[in-house]
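Me: I have a structure to look at and I am new to it. Can we go through it piece by piece?
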Amino acid sequence: MQYYFKQYLFVFIIVFITFNSQAQLKDTAKWKALFAVGLNYPTTDGFVKSSYAKPVNFPTINLGIQHKLTPQYGVKLDFGFNRFKNADDTPEFKINYTRINAQFIYDPTAYLTFLPMRLRTVAHAGPGMSFVKPLGTLGDNKQTFVNLLAGLEVHYAINEKVSVYTDVSYIYGLTSLEDYNPVLNGLGAFNGSVFNLTFGLAVALDGCRYCN
């Protein structure tokens with residue numbers, strides 16, 4: 001009898017510690033730094049005729065700083081870098097696509113009660129600027145234009161300070177290509193939309209400000 005009692009007590013302690021730890025992970029830091037790397041897909045309609053990039057390109061790098069105004073709402077400023085390369089059956093080019101965006105963020109996790117305690121979701125959207133720079137001899141076809149970005153992050157908390165996350169984002173370019181004659185003169189120009197899939201770390205820069 002004493003043996004089984006010890007077993008039950010041990011299981012109870014483990015469950016209690018686990019639950020208590022998970023409950024603490026619900027706390028939300030006010031400031032966070034985010035770093036992620038991944039892949040990108042630039043839409044084919046953003047290139048001049050008969051020119052397009054590979055469907056999967058690497059790298060994509062995102063750096064950001066996030067500030068929570070409330071447990072659900074906040075703002076984020078982030079920088080992104082993408083590299084595109086021509087598909088095998090198109091003329092050769094490489095493009096550096098960089099952007100900076102100011103975004104509004106919304107965390108609906110409190111209403112998604114079916115999610116495990118360690119998981120959080122963050123929707124984000126906002127305007128920004130895109131800078132397209134073809135490499136090599138195509139540098140004259142660089143462009144700068146306004147963009148709109150929207151995305152969704154899913155975070156898994158490792159502890160109270162660090163979480164791993166994935167982010168799926170869509171960046172829409174608010175511009176149009178120039179008319180090139182001949183079309184080949186526009187090789188390396190890009191004004192289209194970009195899909196990003198990244199994986200990274202979010203690190204709290206301060207203590208818990210919204211603890212219960």
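Reply: Start with strand S8, residues 194-204, where the side chains alternate. Buried means under 20% relative accessible area, exposed means over 50%, and partly exposed is in between (1.4 Å probe, protein chains only). Strands (E, at least two residues) and helices (H or I, at least four) are DSSP runs, numbered from the N terminus.

Me: Where do these coordinates come from?
Reply: This is a predicted model, in which local features need pLDDT of at least 70 and side-chain atom pairs count only at pLDDT 80 or more, while totals for chains, interfaces and linings use all residues. Residues are numbered from 1 along each chain as its sequence is written, and side-chain values use heavy atoms, with hydrogens and water left out.

Me: OK. Which strands pair with S8?
Reply: S1 pairs with S8 in the antiparallel sense over 11 bridges, and S7 is joined to S8 by 10 bridges, also antiparallel. Two strands count as paired if DSSP finds at least two bridges between them. Gly38 has Thr198 in S8 as its bridge partner, and Val164 has Leu201 in S8.

Me: And S7, what does it form with S6?
Reply: S6 and S7 form a hairpin with 4 residues between them. S6 covers residues 143-157 in the model, S7 covers residues 162-174, and the two pair in the antiparallel sense over 12 bridges.

Me: Let's pick one residue. Asn147, buried or exposed?
Reply: Asn147 sits in strand S6 and counts as buried because its relative accessible area is 0%.

Me: Which side chains does it make polar contacts with?
Reply: The side chain of Asn147 has a polar contact of 2.7 Å with that of Asn101, and another of 2.8 Å with the side chain of Ser130. A polar contact is a pair of N or O atoms within 3.5 Å; within protein, one must be able to donate a hydrogen and the other to accept it, and residues adjacent in sequence count only if both atoms are side-chain atoms.

Me: What else does Asn147 touch?
Reply: Not counting residues up to four places away in sequence, Asn147 touches Arg99, Gly126, Pro127, Ile171 and Tyr172, among others. Contact means heavy atoms within 4.5 Å.

Me: Change of topic. Where is Pro55?
Reply: Pro55 lies in the loop between strand S1 (31-42) and strand S2 (57-68). Pro55 counts as exposed because its relative accessibility is 55%. Leaving aside neighbours within four places in sequence, Pro55 is in contact with Asn40 and Tyr41. Its C-alpha atom is separated by 9.8 Å from that of Leu39, 16 residues apart along the chain.

Me: Now the whole protein. What is the pattern along the sequence?
Reply: The pattern is α-β-β-β-β-β-β-β-β, with 1 helix and 8 strands. Of the 212 residues in the protein, 41% are buried. Among contacts with a separation of 6 or more, 66% come from residues 24 or more positions apart.
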